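Work through these exercises with the model open beside you. Try each task before reading its solution.

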Amino acid sequence: MEFITPILIVGIIGLLAGIILAVASIVMAGPKDEKAEALEEILPGANCGACGYSGCSGYAAAMSQGEAQPGLCSPGGPAVAKKCAEVLGAGETDKLVYDGIEGCSAAILLAGGSSSCLFGCMGLGDCVKACDYGAVEVCNGVAKIDPALCKACGKCVAACPKGLISLAPVKKQAVVRCHNCDKGKAVMDVCKVGCISCTKCVKTCPQGAIAMENGCAAVDPQKCTGCGLCVESCPRHVITMLEA
């Protein structure tokens, strides 16, 4: 009996302390930020820090308080940015604004750059700077190569952080002007001319020169004869003919 009494006393004290702490946590707790909680549920939960905040909860809180804009989440991409904008009432977020170091390699760290397409050219000219022959220029936000000036040194290929540039023989051939690997609906949500993986070009090509690679059409220049049937069949006009 002498041992039971102290145990009961300690147990009662512990119970009272627990009740007091529980009540205090309820009374002293600040108001819940329901908007921040809703935003955090939308975010992928990767806590990678690419947005510039400590994690998804920190980014959600910053958006809720008006200290950050939707569109900084690289893993979530445009789809997550759009949902966050809807919660915030921020409207259309297809055009992301990049304000930082002028260069593709730097901009890619911010939601893939200034374009709503995570796979598209950022147009900040890393390839232009890499070319020693003046063969590359940025036109309307997209890099363009002049075959007449190109020496096939491959420096622009290495400079592009998204791997959008490749070397090909100079001849009449079909070229796919898109590298978007998302599924059809996701592509149509952010782009009016992106490849939607319909495979019409694959079925049309008599030479078997076109195949789907990671959800996007790709032309084998070695097999392409430049017949142009794939150009005519593409409903999105993604494929064009490159003249020699």
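**Exercise 1. Which residue in β2 does C139 stand opposite?**

Solution. This is a predicted model, in which local features need pLDDT of at least 70, side-chain atom pairs count only at pLDDT 80 or more, and totals for chains, interfaces and linings use all residues. Residues are numbered from 1 along each chain as its sequence is written, and side-chain values use heavy atoms, with hydrogens and water left out.

- Step 1. Find the strands: β1 covers residues 136-139 and β2 covers residues 142-145. Strands (E, at least two residues) and helices (H or I, at least four) are DSSP runs, numbered from the N terminus.
- Step 2. Check the pairing. The two strands run antiparallel and are joined by 4 bridges. Pairing requires that DSSP finds at least two bridges between two strands.
- Step 3. Read across from C139: V142 stands opposite.
- Step 4. Look at the turn. This hairpin has 2 residues between its strands, and N140 takes a positive phi near 55°.

**Exercise 2. How many bridges join β4 to β5, and what covers the faces of β5?**

Solution. 

- Step 1. Locate β4 at 210-213 and β5 at 216-219. They run antiparallel, with 4 bridges between them.
- Step 2. Pick a pair: A211 stands opposite A218 in β5.
- Step 3. Take the faces of β5. C216 and A218 lie on one side, A217 and V219 on the other, and all are buried. Buried means under 20% relative accessible area, exposed over 50%, and partly exposed in between (1.4 Å probe, protein chains only).
- Step 4. Inspect the turn. N214 has a positive phi of about 55° in this hairpin, which has 2 residues between its strands. N214 is exposed, with a relative accessible area of 65%.

**Exercise 3. Where is T199, and what is its phi?**

Solution. 

- Step 1. Go to the loop between α8 (184-190) and α9 (200-204); T199 sits there.
- Step 2. Read its phi: a positive value of about 65°, although T199 is not a glycine.
- Step 3. Judge its cover. T199 is partly exposed, with a relative accessible area of 22%.

**Exercise 4. In which helix is I19 found?**

Solution. 

- Step 1. I19 belongs to helix α1, residues 4-28.

**Exercise 5. Which helix holds E37, and is E37 buried or partly exposed?**

Solution. 

- Step 1. E37 lies in helix α2, residues 34-42.
- Step 2. E37 is partly exposed, with a relative accessible area of 39%.
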